[in-house]
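The sequence and the structure are shown first.

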Amino acid sequence: MIKESPLAKSFHGGLKLNGHKLESTGGTLRSAPVPARLVLPLNQHAGRAAVPLVSAGDRVLGYQEIARPDGEISCALHAPTSATVLGVQRLPMPHPSGLMGDCLVLEPDGKNEFGNFLPAIDPDSLDLPTLLKRVSDAGIAGLGGAAFPTATKLAVAAATTGITLVINGAECEPYITCDDMLMREQSDQILLGAKIILDTLGAQRALVAIERDKLKALESMSAAIERLGDPRFQLEKIFTIYPAGGERQLIQVLSGKEVPAGKLPIDIGYLCQNVATLVAIYRAVKDGQPLVSRITTVTGSGIAEPGNYLAMLGTPLETLAESAGGYTPGATRLIMGGPMMGIALPSDEVPVVKATNCVLVLQEDEVRASGDQMPCIRCGECEQICPAQLQPQELYWHIRGNDLAGADELNLSACIECGCCDFVCPSHIPLSQYYRFAKSQVRLLDARRVQSDIARQRFEDRKERLDAEAARRKERLEEKRKKRASRENTPKAIKGEIDAILARTRGKVADSDEGGETR
Amino acid sequence: MVAVLLLTSLALAFGLALGFAAQRFRIEGDPVVDQVDALLPQTQCGQCSFAGCRPYAEAIVDNRADINQCPPGGEPTIRALADLLSREAKPLNPENGEEKPATVAVIDEDTCIGCTLCIQACPVDAIVGGPKQMHTVIARECTGCDLCLEPCPVDCIDMVVVKTGLAAWSWPKPDTTATNNKSAA
Amino acid sequence: MKELALIILSTVLVNNFVLVKFLGLCPFMGVSRKLESALGMAAATTFVLTVSAACSYLVDTYLLAPLELEYLRTIAFILVIAAVVQFTEMMVQKVSPLLYQVLGIYLPLITTNCAVLGVALLNVQESHSFVESLVYGFGAATGFSLVLALFAAMRERMAMADVPEPFQGAAIALITAGLMSMAFLGFTGLV
């Protein structure tokens with residue numbers, strides 16, 4: 001059933017941006033070639049890094065698990081194709097810090113042999129524990145960009161009944177079109193993946209959210225919904241506004257309800273899944289295929305042939321750029337992600353990871369120099385545009401004055417780092433950078449406080465123990481003194497005591513002789 | 001005469017009332033010291049010139065010590081204390097030490113003689129071992145206070161900088177100097 | 001009734017004790033760095049002002065006037081105020097030891113706050129009745145609290161702002177106070 005989403009249900013602020021979508025949606029989905037080296041960072045998801053299961057010299061088949069999850073919030077890694085393991089190396093990570101991280105490096109052997117490690121399961125006869133185990137075994141993380149382990153997210157959602165599944169095909173950030181292409185070419189698989197979740201989690205309905213200017217995707221998805229004939233599915237055409245694709249904003253658009261700050265969408269009965277994640281789930285169940293590749297948009301004026309590429313995880317970005325025709329002259333900035341929320345990378349030697357939804361290359365004249373800041377004129381534009389209804393100006397002043405506690409009180413943690421305030425600031429102040437800085441500082445300081453609380457507890461426990469020992473010693477000494485004071489001081493009594501002690505000692509020696517234990 | 005009597009009796013009356021109130025509204029302990037102590041890093045290192053974090057907290061509340069004497073706490077602690085007590089946040093007093101990266105103690109097991117002197121010195125019981133048994137530091141509980149270095153007779157303890165990986169990385173603060181008193185040019 | 005309303009309007013806005021009469025400037029400048037401590041101070045001063053206005057009236061009407069000891073007014077009022085402040089200190093320490101710590105020396109300094117003595121003496125000068133004295137004291141305290149809260153909020157913002165070096169600290173605070181005072185001049189003629 002196709003329903004128009006009323007404009008009235010919307011979120012505060014937001015921007016209408018120039019989409020730059022047509023650059024990369026011209027052709028069809030292409031496959032990137034298998035590179036000479038596959039570099040798989042052990043930590044490419046939210047949570048703890050995966051633990052390697054293979055070592056240098058091993059030969060692995062495609063789909064073989066090469067690293068297992070560590071703890072509750074973690075993800076497995078699989079070999080994208082048959083290869084020889086070169087080992088774990090410290091290599092540059094696609095991370096804003098530019099730090100190195102442990103990566104499993106594989107050398108594909110060119111034979112492209114795949115193993116059958118996860119048996120196919122009939123999607124119609126799937127129960128919840130089996131689904132969760134399969135999603136976890138397949139190493140699936142949210143492919144919308146946040147890379148949160150999907151098994152954990154589904155497990156939390158399963159605890160609530162009567163939920164609504166939101167299928168996020170909004171893709172509101174400019175330049176990114178990977179979800180659009182997926183919806184055009186693999187619409188059935190998206191819905192079948194969603195159906196698996198509906199059936200196993202007992203969800204009431206699924207809302208397919210697509211921006212209204214994605215005409216081909218809308219056509220494709222509505223036809224797929226017709227074919228499926230499942231009355232639980234509902235297509236929602238939403239207004240094209242950034243950041244409508246953000247989980248919280250999307251739920252607000254579709255339902256009019258706001259997810260409370262500090263809580264998750266599941267707390268008000270909504271589960272949001274990206275379309276690519278749903279396809280991954282479907283493939284993991286139906287074909288036993290783990291997550292080893294993803295669609296990445298390679299675009300921007302710095303790329304010769306922009307388009308969407310199905311790339312293996314671990315493909316170096318320079319290989320990907322080459323298959324997209326290489327860089328144009330004047331290409332200066334390499335960004336992983338979109339122009340609003342993406343991170344600038346120092347080099348193209350970093351690999352494609354689960355979170356790489358887009359590789360954006362910009363030219364000199366499109367990039368603003370970072371030193372161009374001017375003083376804040378308190379115009380209030382940032383407050384009007386903030387989708388989370390925060391006060392960016394107040395946050396800015398507090399963070400600038402090192403008052404992180406004050407910023408925290410103003411709900412800094414509710415900031416989704418969308419970059420809208422950055423965009424509209426007439427003084428070109430890098431506002432979202434301030435918030436990213438403050439949020440990470442607050443997190444670090446909280447961790448420090450927890451540590452110091454533990455240390456204080458240990459210190460006080462130790463003090464107690466030492467005091468108790470001292471008190472006991474004192475008691476014993478008091479007792480001995482009392483005994484000595486109360487006994488008779490005649491030579492006979494003293495001799496009696498000495499005899500008793502000697503007898504006791506002799507007895508001990510006799511025992512130890514018999515026991516054969518020497519000291 | 002009447003004036004003197006009046007004033008004296010007024011003063012007496014008020015004095016009695018206040019004395020009674022003082023008894024009635026007495027409080028036990030000092031919750032402010034607890035609040036200050038909660039903000040200190042609990043390394044119990046003594047660099048502040050007091051015998052531990054709690055004595056330092058008590059000194060701060062009594063106004064015997066300034067809030068900028070704690071090197072392990074560094075700037076965040078000074079700021080938190082300034083916020084709590086409405087005092088001015090000053091830079092760390094160089095006489096008490098300087099801000100250093102976080103360290104943990106590591107015992108060289110080949111050299112350790114099992115004397116337990118370091119175990120007795122550790123304020124948070126982060127060293128495990130017994131007499132003539134191998135001693136080892138529980139890295140997670142070690143606060144880097146340096147108190148175990150002195151007692152060790154064979155000098156087998158090293159302070160190693162904690163490797164900060166991605167988990168401890170944080171975004172850098174954007175440069176604000178560009179906007180200070182700059183006219184739009 | 002109208003009299004009381006006029007007294008309140010006059011003491012809070014038109015003849016504000018801090019910005020128009022320039023009394024009680026010590027806590028105004030000293031405790032206004034943070035909004036929380038300023039509000040705590042305002043609450044303490046409100047209590048002291050109201051109670052001491054009432055007590056001063058009673059002492060003056062029933063002890064000093066009948067015995068013709070009007071010349072003892074100042075010393076008697078100070079005695080009353082000191083006792084009330086001491087009591088307030090005890091209450092503050094009990095209710096919020098942190099506030100007690102933060103206010104520090106400014107809490108006992110309420111004794112020497114010229115606004116408190118000023119209210120007591122002005123009540124006598126204006127020949128207010130008991131209720132009028134009480135309302136006058138309460139109104140003065142409300143005006144004081146209002147201005148203290150406004151000023152503290154402004155100073156918090158100024159602490160983070162880009163103030164040129166020669167003006168940082170007390171200088172910009174005093175300039176702000178002066179501007180606030182000029183703003184409050186706008187209420188002249190309201191009553």
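## Confidence of the model

The structure is a predicted model. For chain B, the mean pLDDT is 84, and 93% of the residues in this chain reach 70 or more.

One stretch of chain B, residues 181-185, has a pLDDT below 50. Beyond near neighbours in sequence, this stretch has five contacts in the model.

## Domains of chain B

Chain B is divided into two parts: domain 1 covers residues 31-96, and domain 2 covers residues 101-164. Between the C-alpha centres of domain 1 of chain B and domain 2 of chain B there are 26 Å.

The contact between these domains draws four residues from domain 1 of chain B and six residues from domain 2 of chain B. On the side of domain 1 of chain B that touches domain 2 of chain B, one residue is nonpolar, three are polar and none is charged.

## A sheet in chain A

Chain A holds an open sheet of three strands, in the order S4-S6-S7 and with antiparallel pairing. Strand S4 (51-52) and strand S7 (77-78) of chain A are the edge strands, and each of them pairs on one side only.

Strand S6 of chain A spans residues 65-68. Two bridges join S6 of chain A to S7(A), and these strands run antiparallel. Within this pairing, Ala67(A) has Leu77(A) in S7(A) as its bridge partner. In general, the strands of a sheet pair through backbone hydrogen bonds, in either a parallel or an antiparallel manner.

Key: Residues are numbered from 1 along each chain as its sequence is written. Chains are lettered from A and ligands numbered from 1 in the order in which they are written. This is a predicted model: local features need pLDDT of at least 70, side-chain atom pairs count only at pLDDT 80 or more; totals for chains, interfaces and linings use all residues. Domain bounds come from an automatic or database domain assignment. Two residues are in contact if their C-beta atoms, placed from the backbone, lie within 7 Å. Ala, Val, Leu, Ile, Met, Phe, Trp, Tyr, Cys and Pro count as nonpolar, Asp, Glu, Lys and Arg as charged, and the others, Gly among them, as polar. pLDDT is the predictor's confidence in each residue, from 0 to 100. Two strands pair if DSSP finds at least two bridges between them. Helices (H or I, at least four residues) and strands (E, at least two) are DSSP runs, numbered from the N terminus.
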